[in-house]
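Welcome, and please open your viewer.

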Amino acid sequence: MKIAVLPGDGIGKEVTAEAVKVLHAVLGKNTALELIDAPIGAAGIEAAGDPLPAKTSEIARKADAILFGAAGMPGDEVIPYAMRPGASLLRLRKELGLFANFRPAFLFPELIGASTLRPEIVEGLDLLIMRELTGDVYFGEPRGISTTASGEREGYNTMRYSESEIERIAHVAFRTARQRRHKVCSVDKANVLETMQLWREVVTNVGKQYPDVELTHMFVDAAAMMLMRAPKQFDVIVTGNIFGDILSDEAAMLTGSIGMLPSASLALDHKGLYEPVHGTAPDIAGRNLANPLASILSMGMMLRYSFNQADNADRVQRAVRAVLADGYRTGDIAQPGCKRVGTSEMGDAVVAALGR
Ligand code: IPM
Ligand code: MG
């Protein structure tokens with residue numbers, strides 16, 4: 001198993017270290033495991049003058065899977081795109097063709113009190129946002145800031161999706177729904193945007209090949225509302241890059257903390273990049289305060305999707321469940337009477353729970 005480890009910046013470093021710790025414990029000594037560390041984000045600039053150093057890119061390309069932490073630094077949106085730490089991840093997604101982003105929002109019963117929503121709204125929640133990750137307004141050209149004839153500046157980005165891009169993500173969504181509750185809700189803005197009109201048409205056509213999967217459509221504004229009002233109606237939500245970005249943070253809150261949410265970004269060849277949905281959290285970075293569970297669960301997704309080790313992936317999932325049941329909590333999910341722990345203690349607790 002050849003894994004590129006790209007911890008990046010901020011709490012990315014701390015949480016990735018815990019995921020690696022748990023990975024070693026899960027596999028024991030019998031698996032040939034090759035971990036290759038490489039810098040990305042601000043760490044990439046420091047090491048090689050580029051947020052996505054060529055060397056890092058190559059290591060990622062040659063690996064079977066990539067374990068990613070977080071990249072970026074406060075205020076980096078003013079830095080030009082190519083040199084922006086936060087954009088290194090976007091470049092990597094594009095370069096490796098990681099178009100299918102799985103973002104499950106699963107509520108561990110132990111955390112029901114950590115959600116800001118009433119227990120009866122979120123109890124039993126188990127949905128998956130399937131976000132298209134290499135197209136849309138994130139990558140569409142033309143883009144930029146230019147000066148108009150009247151001398152004022154104007155910013156523009158372009159929402160674009162080709163039929164083939166929509167088709168391939170739709171297929172992944174329908175196939176995934178077949179392993180779940182056989183429901184796909186496609187989220188778009190077809191009432192306003194031509195790109196989304198095409199989205200709806202193509203998803204509808206692909207859906208005809210999956211008669212056993214129920215397909216519904218929802219406008220993104222209504223979907224945002226429904227996620228708060230009645231989130232349990234959803235199984236798989238398939239949507240474009242920008243809507244998926246926004247809805248997945250919203251869905252994260254249903255589960256209590258964004259610190260709990262793992263994700264997988266897959267290419268056609270099953271290569272995958274695995275990362276927590278959360279970012280660098282500079283306010284708590286370097287203080288052993290971050291919740292490593294999203295990173296640990298992302299590593300579990302790696303075992304499942306890139307290495308076909310469902311058993312080990314289940315063990316990781318069960319161990320996380322066990323530490324929560326034992327009352328271990330980092331600050332983001334703390335409850336009265338819990339056992340408050342730091343990042344590394346949480347990792348240790350998961351390792352200890354693996355054997356049970
Ligand atoms: C995410 C993040 C990224 C995105 C940022 C860090 C570029 O918010 O993975 O959801 O917008 O895709
Ligand atoms: Mg986001």
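Into which domains is the protein divided? Colour residues 1-99 together with 278-356 as domain 1, and residues 105-266 as domain 2. Keep in mind as you look around that this is a predicted model.

**Stop 1: where the domains meet**

With both domains coloured, turn to the contact between them. Domain 1 brings 24 residues to it and domain 2 brings 27 residues. The C-alpha centres of the two domains are 23 Å apart. The size of an interface is often given as the accessible area lost when the parts come together. Here domain 1 and domain 2 bury about 2,500 Å² between them, with 66% of that on carbon and sulfur atoms.

**Stop 2: helix H6**

Next, select residues 163-178, which form helix H6.

Now show the side chains of H6. The buried ones include Ile166, Ile169, Ala170, Val172, Ala173, Phe174 and Ala177. Glu165, His171 and Thr176 are buried as well. An α-helix has 3.6 residues a turn, so residues three or four places apart point the same way. What do the buried residues of H6 pack against? Among their partners are strand E4 (100-106), strand E5 (126-132) and strand E8 (183-188). Helix H7 is on the list too, along with strand E9 (214-219) and strand E10 (236-239).

**Stop 3: aromatic pairs**

Stay with the side chains and look for rings.

Select Tyr138 and Phe139 to begin. Their ring centres are 6.5 Å apart and their planes meet at 40°, so this pair is tilted. Both Tyr138 and Phe139 are buried.

Then select Tyr161 and Trp199. Here the centres are 5.3 Å apart and the planes are at 55°, so this pair is tilted. Tyr161 belongs to the loop between strand E7 (153-156) and helix H6, whereas Trp199 is in helix H7 (residues 194-207). The pair therefore links distant parts of the chain, 38 residues apart. Tyr161 and Trp199 are both buried.

**Stop 4: arginines over rings**

The charged end of Arg131 sits over the Tyr138 ring, 5.3 Å from its centre. For another example, show Arg143, which lies over the face of Tyr81 at 4.8 Å from the ring centre.

**Stop 5: backbone details in loops**

Select Glu141 and Pro142, and look at the peptide bond from Glu141 to Pro142: it is cis, with omega near 0°. Pro142 is in the loop between E5 and strand E6 (144-147).

Move on to His270, in the loop between strand E11 (262-266) and strand E12 (272-276). His270 is not a glycine, yet its phi is positive, at about 75°. Is His270 buried or exposed? Its relative accessible area is 51%, so His270 is exposed.

Ala281 is in the loop between E12 and helix H10 (293-305). Ala281 also has a positive phi, about 40°, without being a glycine. At 23% relative accessibility, Ala281 counts as partly exposed.

Finally, select Gly113, in the loop between E4 and helix H5 (119-122). Gly113 is exposed, with 53% relative accessible area.

Technical notes: Residues numbered from 1 in each chain as written. Chains lettered and ligands numbered in written order. Predicted model: local features only at pLDDT ≥ 70, side-chain atom pairs only at ≥ 80, totals over all residues. Heavy atoms only, no water. Phe/Tyr/Trp six-rings, centres within 6.5 Å; stacked < 30°, edge-to-face > 60°. Buried < 20%, exposed > 50% of the residue type's maximum accessible area, 1.4 Å probe, protein only. Helix = DSSP H or I, 4+ residues; strand = E, 2+ residues; numbered from the N terminus. Lys NZ or Arg CZ within 6 Å of the ring centre and 35° of its normal. Contact = heavy atoms within 4.5 Å. Domains from an automatic or database assignment. Buried area = accessible area lost by both parts, 1.4 Å probe.
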